[in-house]
Amino acid sequence: MSDPILAVEDLRVAFDTRDGLVQAVDGVTWSVAPGRTLGIVGESGSGKTVAATTAMGLVRGARVRTSGRVLLEGEDLLAASPERLRRVRGATIAMVFQDPLSALHPLMRVGAQIAEALRSHRSGMSAADARARAIELLEHVAIPNARQRVDAYPHELSGGMRQRAMIAMALANEPRVLIADEPTTALDVTVQRQILALLRRLRDELGMAMVLITHDLGVVAETADDVAVMYAGRIVEQAPAAELFAAPQHPYTWGLLRSMPRLDAPAGAELVPIPGRPPSLVHPPSGCRFHPRCPYVRERHRSVDPALEPLAGTPEHRVACLLSEAERRAIWARLAQGAPR
Amino acid sequence: MAAYVLRRVLWGVVLLALVSLLTFVVFYVLPSADPAQLRAGRNANPATLAQIRASLGLDRPLTAQYWTFLTHIVLHADLGYSYYSGASVGSLIVDRLPATISLTLGAAVVWVLAAVPLGVVSAARRGTWVDKLTTGGALLGISAPVYWLGLLALYLFADDIGRFPLFPGAGSYVPLTDDPWKWFTSLILPWLVLASTFTAVYARLLRGNMIEVLSEDYVTTARAKGLSERRVVWNHGLRAAVTPLVTLAGLDIGLLLGGAVLTEAVFGIPGIGRLNYEAIVHADYPVIQGTVLLAACFVIVANIVVDVAYAYLDPRVRER
């Protein structure tokens with residue numbers, strides 16, 4: 001495996017709000033290498049999006065407190081000047097958002113928005129060249145009639161076409177890293193698969209590193225090489241995708257897996273929602289943050305805060321859970337057979 | 001689009017007929033003063049009064065009077081003659097219109113040029129001193145009555161009575177065709193005074209719109225693709241935040257073209273507003289009818305222009 005191109009190290013992001021300090025991201029470390037995909041999974045409010053947008057320097061301001069490092073090809077973006085960040089954004093690292101209808105400017109033609117992305121990083125590029133390149137890009141993301149669609153407004157395109165246009169815009173400058181934040185959530189199921197396939201194809205063609213943020217483990221299973229599961233601003237489990245699906249270790253991951261419909265589930269297995277709600281980030285729970293919702297909670301878990309530690313046999317698989325590895329394997333073996341808990 | 005505009009114009013004509021009927025009812029049926037009495041002077045005998053009434057056509061049934069009024073407009077584009085000066089209402093309006101147009105359009109240029117940067121900068125730098133100064137100044141501008149501001153401006157800057165005699169004062173208006181430079185200088189104070197309230201309203205409105213727009217996803221997208229902050233704010237932000245302002249500006253300009261009464265009065269500008277005001281004082285009904293219809297016309301046309309402009313500015317509206 002090659003060296004990571006984007007590495008987030010001990011990232012912490014807090015927002016100063018009227019209700020108090022919201023610790024949205026609390027010591028998160030992940031990295032992604034060229035040609036590979038890191039899936040970041042979690043509920044809304046788990047900090048997965050904030051971590052990624054902070055990495056792009058989009059979360060800055062008087063009320064934001066950030067620490068840690070975001071290394072893009074070795075350069076710390078958290079310490080970068082606004083002008084330096086501007087040069088990196090859209091050129092080396094690009095982003096695709098959840099809802100293309102709200103993420104594209106409603107009053108500007110799609111082609112003009114792509115051309116603008118091009119010209120903001122290539123000062124010498126003429127308007128005509130940018131337009132021609134925009135058409136190429138639209139063709140490349142498989143938009144039919146790109147020559148006509150280049151002059152369409154976002155509302156004139158279907159949801160899938162809009163997301164393709166959004167992807168074309170993100171890829172305009174052939175970035176080394178693509179962050180896709182719930183890229184399929186706002187789309188129809190059939191369109192979701194097409195968009196994921198498109199993202200995989202482009203990742204392989206361009207040798208990009210991809211960070212795929214989602215709440216949907218199904219999306220991760222199809223696309224990601226590595227997975228980080230986030231809960232309440234922290235990573236609770238991190239592993240290669242195959243390993244994670246084969247032997248999940250964290251009760252929260254089990255919850256996510258059991259709440260997801262699967263064709264290979266045992267007959268009669270029911271979808272089990274995770275009880276409770278995501279915790280407050282102003283006053284997070286004591287001890288293990290998942291303990292108020294965890295079916296396997298012990299008294300000790302209410303006061304001891306588990307660290308993210310590697311498993312004995314598979315060091316690339318890390319989990320933050322106070323249950324012993326043997327206990328966890330026994331519980332998952334039961335759950336995988338369809339046991340209620 | 002053409003069919004839409006045509007439909008709107010037809011509706012506008014219907015609306016004008018209603019406005020004319022309403023004005024007719026208000027001033028002829030429920031008169032504030034008797035025009036014959038005003039013309040006859042003091043101690044006029046009943047015979048003279050009756051004679052004047054007959055010559056003005058006021059002795060005829062109200063419906064007949066209204067019918068004559070309407071048919072003259074439609075068939076001869078004739079708004080009638082002033083009771084007071086005897087001049088045709090049409091020529092009075094044509095005489096006065098350039099002053100009102102000069103005042104309104106000049107002020108509109110001033111308030112748009114002032115309000116857009118103020119609104120954008122105070123939204124982009126929310127909470128800084130620029131923002132606080134703009135917001136505070138806007139509150140003042142909205143609170144201060146135009147006639148008070150006008151008198152204050154004259155007291156401070158008029159070249160006849162001012163403490164700092166910088167600009168021509170009241171009654172200095174010169175038509176553009178006579179002397180462009182004098183026209184320009186004589187209108188500086190009126191423009192600034194008339195524009196002040198509008199600047200305040202527009203700056204505040206734009207600030208609010210901008211703050212909302214700058215938190216939209218597409219603004220984040222613009223930043224994420226590496227645009228400079230200036231481009232993000234002035235292109236992507238302003239483009240989306242300015243549309244409601246265009247609507248408002250169209251309507252306000254339409255309204256003011258019907259006569260900026262207070263500003264025209266304070267600065268002695270011979271515009272439509274003054275004409276209308278004088279006509280009311282003299283119970284000069286044909287002139288009142290003419291100026292009211294003109295104002296209604298401007299408002300209706302402004303509405304149509306605004307709707308068409310909106311469809312041009314926001315492609316999402318076009319399909320509907």
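In the predicted model, Ile114(A) touches Ala134(A), Leu137(A), Ala168(A), Met169(A) and Ala172(A), with residues up to four places away in sequence left out of the list. Ile114(A) belongs to the largest nonpolar core, a set of 161 residues. Within this core, four residues touch the most other members: Ile114(A), Leu138(A), Ala168(A) and Val211(A).

Helix H8 of chain B, residues 180-214, provides the largest share, 15 residues. Chain A contributes from two domains. Domain 1 (101-174) and domain 2 (248-336) of chain A both supply core residues, so the core lies between them.

Chain A has 341 residues, of which 44% are buried. Its secondary structure consists of twelve helices and twelve strands. The C-alpha trace of chain A spans about 65 × 50 × 40 Å along its principal axes. The radius of gyration of chain A is 21 Å; a compact globule with 341 residues would have a value near 20 Å, so the two agree. Of the contacts between residues at least 6 apart in sequence, 64% join residues at least 24 apart.

Chain B is built from 15 helices and zero strands. Of its 320 residues, 36% count as buried. Its C-alpha atoms fill a box of roughly 85 × 55 × 35 Å, taken along the principal axes. Among contacts in chain B with a separation of 6 or more, 67% are between residues 24 or more positions apart.

The two chains meet in a contact that takes 23 residues from chain A and 17 residues from chain B. On the chain B side, three helices each supply at least two residues: H9 (217-224), H10 (229-241) and H15 (315-318). Helix H9(B) gives the most to this side, with six residues. By class, the side of chain B that touches chain A holds seven charged, five polar and five nonpolar residues.

Notes. Residues are numbered from 1 along each chain as its sequence is written. Chains are lettered from A and ligands numbered from 1 in the order in which they are written. This is a predicted model: local features need pLDDT of at least 70, side-chain atom pairs count only at pLDDT 80 or more; totals for chains, interfaces and linings use all residues. Two residues are in contact if their C-beta atoms, placed from the backbone, lie within 7 Å. Helices (H or I, at least four residues) and strands (E, at least two) are DSSP runs, numbered from the N terminus. Ala, Val, Leu, Ile, Met, Phe, Trp, Tyr, Cys and Pro count as nonpolar, Asp, Glu, Lys and Arg as charged, and the others, Gly among them, as polar. A residue is buried if 20 or more other C-beta atoms lie within 10 Å of its own, exposed if 12 or fewer, and partly exposed in between; C-beta atoms are placed from the backbone. A nonpolar core is a set of buried Ala, Val, Leu, Ile, Met, Phe, Trp, Tyr and Cys residues joined through C-beta atoms within 7 Å. Domain bounds come from an automatic or database domain assignment. The radius of gyration is taken over C-alpha atoms; the globule rule is 2.2 Å times the number of residues to the power 0.38.
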